[in-house]
Every structure is written in structure tokens, then in C-alpha cells.
Amino acid sequence: MTYLLLFFFICLAAIGQENWNVSLQTYQGAILPHSKNISHLITNKPTGYLFSVNHRVNGSKEWHHTYRFPEIGFSFHTQNNHNETLGDLYGLYGHYNFYFLNRKLQFRVGQGVAYATNPYDKETNFRNVAYGSKWMPSTYFMLSYDQARIWKNIGFNAGLLFVHHSNATIKSPNTSTNTVALNVGVTYHFSDKDEVQRASSFDNYPQNMRYNLIFRTGINESHIIGMGQKPFYHIAAVAEKPLNNYGAAQLGVDLFLSHSLKELIPFLATSFPEENMNKDTDWKRVGLFLGYEWYLNKLTAEGNIGYYVHDEYKNNGSFYQRLGLRYYVTPNIYGVMSLKTHFAKAEAFEVGLGYKL
């Protein structure tokens, strides 16, 4: 009832606004058994609700037309895992809705923060190795059939939902969960039709080679529970070549300085001789990566895959990946937020600052 009251309060606040709509969806699915460490936590099918407020861009800028009038919004989700040890989840997200097939197919990507009601505790909840902290980054994707204004201003949608909850090893343990679900819901539009304008501004991105310096930092913890959170510093130099007004290809080099790894190596060498770890193993790592930056107004998305050219630790494999966002304060200065992983295993949630020459 509390969630419904909140939803209707948002509806009332948006009444009379063109290009605004709200949606309410329910879902039921399954937690994927991506690790045997969480098999004991997968006992029931999770259920949840997703509340969304969306604003369709009106076409006043060129990128509105380029991406077929997407929607920008925020969403709030609840997930009942039906497992006392795992607890429940609540998340708040910013999202984009992209449309295809004459706006009948909607693809949504959302990024935000989630709250776990019953995270790991070494005394009271030591079996919950999925969530090591109450607060964690969270990402979700949704692909659905969307039919607007079936009856008056009420529409219908249904599709597939994927939700990832992980604290990016900010605190151990962090086995994380991935939920795949079927969702169905209704949408209410606050106007009879959406306003559409002609673009009044045109962005022409430079096509010449550009160079970036990026500093990322944060805290994380090794996979040994109780070793404590330590800072890390990731420094990157990136050369990029815009391919068109949609995005640019990237080639770069990363220097990784992780103090949790610096302390982990001698600990493994002395406490776990079966690991065959030399206490003088270099904790610094260097990687080369290929990537792509996707232009979307001042907010851009980037993804890259890298290979360690120097990594004496080696326990994480030879490849790493990164997904992130940039927000341009000026054409040359931007903030960054990204997640560095080794495939399904997250290593660090990074925040930082970049400068584009």
C-alpha cells in the first residue's frame, strides 16, 4: 500500500505535463545459479514491482531524432526473494527507454543503487555470501512489447527483465545475484498525444583523433572476508577516433594500483602455502584495452575489454572488462562512473575525473 500511495502521488504531480507517463509493472522470475556459492540461497522464485516515471524527449535537439525520441526517467523497484537469509531488495534508478519497430518494442537500461535488507553478517547471517553490504550498485535491462493508449491514455506492456545486484567488491563477500523475470504492467500517459518539435540545435562532433587522461578511484576488499576495505587508484591514457556522430572507437592503457591486492599477496604467501604465491609478487598491473564510447547528449556510455600485459598475480585471468558512464561538465572535462570486472566477477566500482585533449 505504501508503494501504491507513492506511485499515485507521483502521478498527481505529473498531471497536465506533456510527454510524461508513469508505469507500474509486476514481475516474477528466477535467480540464475551463476556460482555454486549461492546455490543454497536459491530456494524460491523472486517477485517484485517496478514503478517508473518517464519523459519522452520532444525533438528540440538533434539527438532526440537520432535515437527515435527516447524517454528519460527514474524507476523504483522492490524484489522479494522469498528467502529469509537472502532478504529483500529495494532499488532507485535512472533509466533510458529506447524504441524500435514503430515504438512497439522498448529497450530500457537502468543504473542506480539498491538496498539489501539482510546482508552478510559473520555472526547473525553468515550464509548470505551474495550481498556483503546493505548498499550496492545495481543495473537492470528490460525488453518489452509496449502498446501506448490502448484505451484512452492507458497502455500495456510485457516482456523480459534482467536485474543485477552486486556491491562491486566494495565489501566482501560479493557473490551477487542475477534475476531474470517475466514482467507485465500498465502505462498512463498524462496527455492525449506527445509533443514533437523540429531540432533547433545540431551537434557536430569533431572527427579528428582525441586523447584522454582518466583518474579513477574507490575502495574495495579482497575475496578474503575480514581483510578490510582498501583504496585503489586506476589511471588510464586513451586515444579515441570518432567514427560518426554516434560514437568513437578507443585504444588505451590502464595502470592498476590496488592496495587490497597489495595486502592480499603476502597474506596468501604466508597463510596459504598451497596457493604457491611468492610474497614478492608485484601487486601493480598494466593493461591494454579496446573500447567504444557511445554519444548520448552530455551523458555518454562506454565499454571496453582489456588484456593484462603485466600481471604477476594472475589469479583473475588475463582479460578484464569495464562498463561505465561519462558526464561532460564541459566539452573537455567529464566525470566517470564505471564497473571493472573479470567476466562475472566484479573487482571495483570506480568513480573519477577525465580530461579530453
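A search of the whole structure, which is a predicted model, turns up 18 aromatic pairs. One of them brings together Phe51 and Phe76, with ring centres 6.2 Å apart and planes at 25°, so this pair counts as stacked.

Tyr67, Tyr96, Phe98, Tyr246 and Trp294 are linked by ring pairs into a cluster. Lys340 lies over the face of Phe256, 4.3 Å from the ring centre. The charged end of Lys340 also sits over the ring of Tyr320, and there the distance to the centre is 5.2 Å.

Next come the strands. The chain's secondary structure comes to three helices and 16 strands. Eight of those strands make a closed barrel, running 9-10-11-12-13-14-15-16 with antiparallel pairing. Going from one strand to the next, the twist averages 25°. As a reminder, strands of a sheet pair through backbone hydrogen bonds, and they can do so in a parallel or an antiparallel way.

To see the pairing up close, take strand 9 (residues 210-220) and strand 10 (residues 230-242): they run antiparallel and are joined by 11 bridges. Within this pairing, Arg216 stands opposite His234 of strand 10. Helix 3 (residues 259-271) packs on the sheet, where it touches strand 9, strand 10, strand 11 (247-258) and strand 12 (285-294). The direction of helix 3 makes about 125° with that of strand 10.

A cis peptide bond, with omega at about 0°, joins Ser172 and Pro173. Pro173 is placed in the loop between strand 7 (154-165) and strand 8 (177-189). Then there is Arg68, which has a positive phi of about 60° even though it is not a glycine. Arg68 is found in the loop that runs between helix 2 (62-66) and strand 3 (71-80). Leu101 is not a glycine either, yet its phi is positive as well, at about 50°. This residue sits in the loop between strand 4 (88-100) and strand 5 (105-116). Is Leu101 buried or exposed? Its relative accessibility is 64%, and the cut-off for exposed is over 50%, so Leu101 counts as exposed.

Finally, the chain can be taken as a whole. How does its radius of gyration fit what a compact globule would have? For 357 residues, such a globule would come out near 21 Å, and the chain has 22 Å, which agrees. Along the principal axes, the C-alpha atoms fill a box of roughly 70 × 55 × 30 Å. Of the 357 residues, 47% count as buried.

How values were computed. Residues numbered from 1 in each chain as written. Predicted model: local features only at pLDDT ≥ 70, side-chain atom pairs only at ≥ 80, totals over all residues. Heavy atoms only, no water. Helix = DSSP H or I, 4+ residues; strand = E, 2+ residues; numbered from the N terminus. Buried < 20%, exposed > 50% of the residue type's maximum accessible area, 1.4 Å probe, protein only. Phe/Tyr/Trp six-rings, centres within 6.5 Å; stacked < 30°, edge-to-face > 60°. Lys NZ or Arg CZ within 6 Å of the ring centre and 35° of its normal. Pairing = 2+ DSSP bridges. Axes fitted to C-alpha atoms, helices over the stretch in contact; angles between N-to-C directions. Contact = heavy atoms within 4.5 Å. Rg over C-alpha atoms; globule rule 2.2 N^0.38 Å.
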